[in-house]
Amino acid sequence: MFSPHPDYPALTRDIVSYLRVTYPHFVYSHELETIRSASQYLIGHVDAVASVSSMVGLQALIWKKKIISLGTGQISLAADSAG
Amino acid sequence: MTGIEELLRAAPIDRDNVLLWLPTRYYIPESFLCRPGWLSRFLDKTIELHRLRGRYDTLYEPIDAAHTVIDKVIRSAIPQIPVANSQGEAASLAAELDSLREDAAASSALAHSAALQQGQLQEQIGALSSELESYRTGVLSSLFHWARGWANTRLPLGSRRRNVARALANALVVLVSRGPGGLLRALRRRSPNQDPLGESREVGS
C-alpha cells in the first residue's frame, strides 16, 4: 500500500493506473490524499514499512514493525533492509 | 526491495536504543536552533571534529533530559484520527461520527485546553531562557570585552589595580553565567599563580 507525502502528493491518476497494471499487488486509494499524513494511521495494520527518510520510519520503530530504508537517511540506522 | 519474504519471516530485532537515540540526540527541535549557547557549542564541536578528522557519531549530544524530550513529542502528537473531507456517504458517516464524538470531546476539551496552555507556558519559559542566554552570551560578553580592553589600555601592566579589576570582572562573568555555585567552584580551584577565576596574572609576562 502506498501512502502519499502530506506536502508532495506525487501520484497522479495516470501514474496510479500504470502502477496497478504493472504491479498487481499495488494498493492505493485517492481518499488517502484527504487525510493529512495518512501513513501514520496505517502503520498498525501493515507487516513492514518502506521509507526514504520519512518520519513514518520513526513511527514504525514505535510500532516495532520491520523497516525497509530506500536510500541512506537517518532511518537507515534502524532498518531491517537498506539499499 | 528483494528478499522481502525472508525479511518478514526473520525474528524481530530490538531497536529501542535507536528509537531513544533519534529523538533525544538527532531530531533537534527548532527552538534549540534559536539558542545561541547551544548552537554555538554545536558548531564549535562540528568544526573541531572536522579539523581532527574525528568520528561524527560523537557529534550528537543529548538535546535535553530524555523524559523532557519524550514529553514534548507526546504533547505534539495528534490525539485523534482526522476525518476525511470526502463527499456523499463517507461525509454523512463522518458527520454522524462527529456528533457521537461530541459528548466525549466536550469532557476532554478542558483537559486538552489545560495541557495546551501548559505547553504554551513551557514554550514561553523556553523562549525567555533563550533570551536570557542570548543576553548572557551576547550583551554581557560584549560589555566584558569592552571593559577588559579599557582596563588593558588605561591601567599599567602588572599593577595591583589592574589585577584586581580583572579578577572582579572575571568573577562577575562567572557569577552571571554559572551562578553562585559556579563562582564558588572557580574560587576553590584557583592556584597561587592565578587570579580567582583561573586566568594567569600578567606580572612578569
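Analyst: In chain A, three strands form an open sheet in the order β1-β2-β3, with parallel pairing. Strands (E, at least two residues) and helices (H or I, at least four) are DSSP runs, numbered from the N terminus. This is a predicted model: local features need pLDDT of at least 70 and side-chain atom pairs count only at pLDDT 80 or more, while totals for chains, interfaces and linings use all residues. Residues are numbered from 1 along each chain as its sequence is written, and chains are lettered from A and ligands numbered from 1 in the order in which they are written.

User: What makes β1 and β3 of chain A stand at the edges?

Analyst: β1 (48-51) and β3 (81-82) of chain A each have a single partner strand, so one side of each is left without a neighbour in the sheet.

User: How do you know that β2(A) and β3(A) pair?

Analyst: Two strands pair if DSSP finds at least two bridges between them. β2(A) and β3(A) have 2 bridges, in the parallel sense, so they pair. Within the sheet, A:Ile68 stands opposite A:Ser81 in β3(A). α3(A) packs on the sheet and touches β1 and β2 of chain A.

User: Why is B:Leu22 called buried?

Analyst: A residue is buried if 20 or more other C-beta atoms, placed from the backbone, lie within 10 Å of its own, exposed if 12 or fewer, and partly exposed in between. B:Leu22 has 20 C-beta neighbours inside 10 Å, so B:Leu22 counts as buried. B:Leu22 lies in helix α2 (residues 16-26) of chain B.

User: Which residues make up the largest nonpolar core?

Analyst: A nonpolar core is a set of buried Ala, Val, Leu, Ile, Met, Phe, Trp, Tyr and Cys residues joined through C-beta atoms within 7 Å. The largest has 11 residues: A:Val49, A:Val56, A:Leu58, A:Ala60, A:Leu61, A:Ile67, A:Ile68, A:Ile75, A:Ala78, A:Ala79 and B:Leu22. Its largest share, 4 residues, comes from α3(A).

How values were computed. Two residues are in contact if their C-beta atoms, placed from the backbone, lie within 7 Å. Axes are lines fitted to C-alpha atoms, for helices over the stretch in contact, and angles run from 0 to 180 degrees between N-to-C directions.
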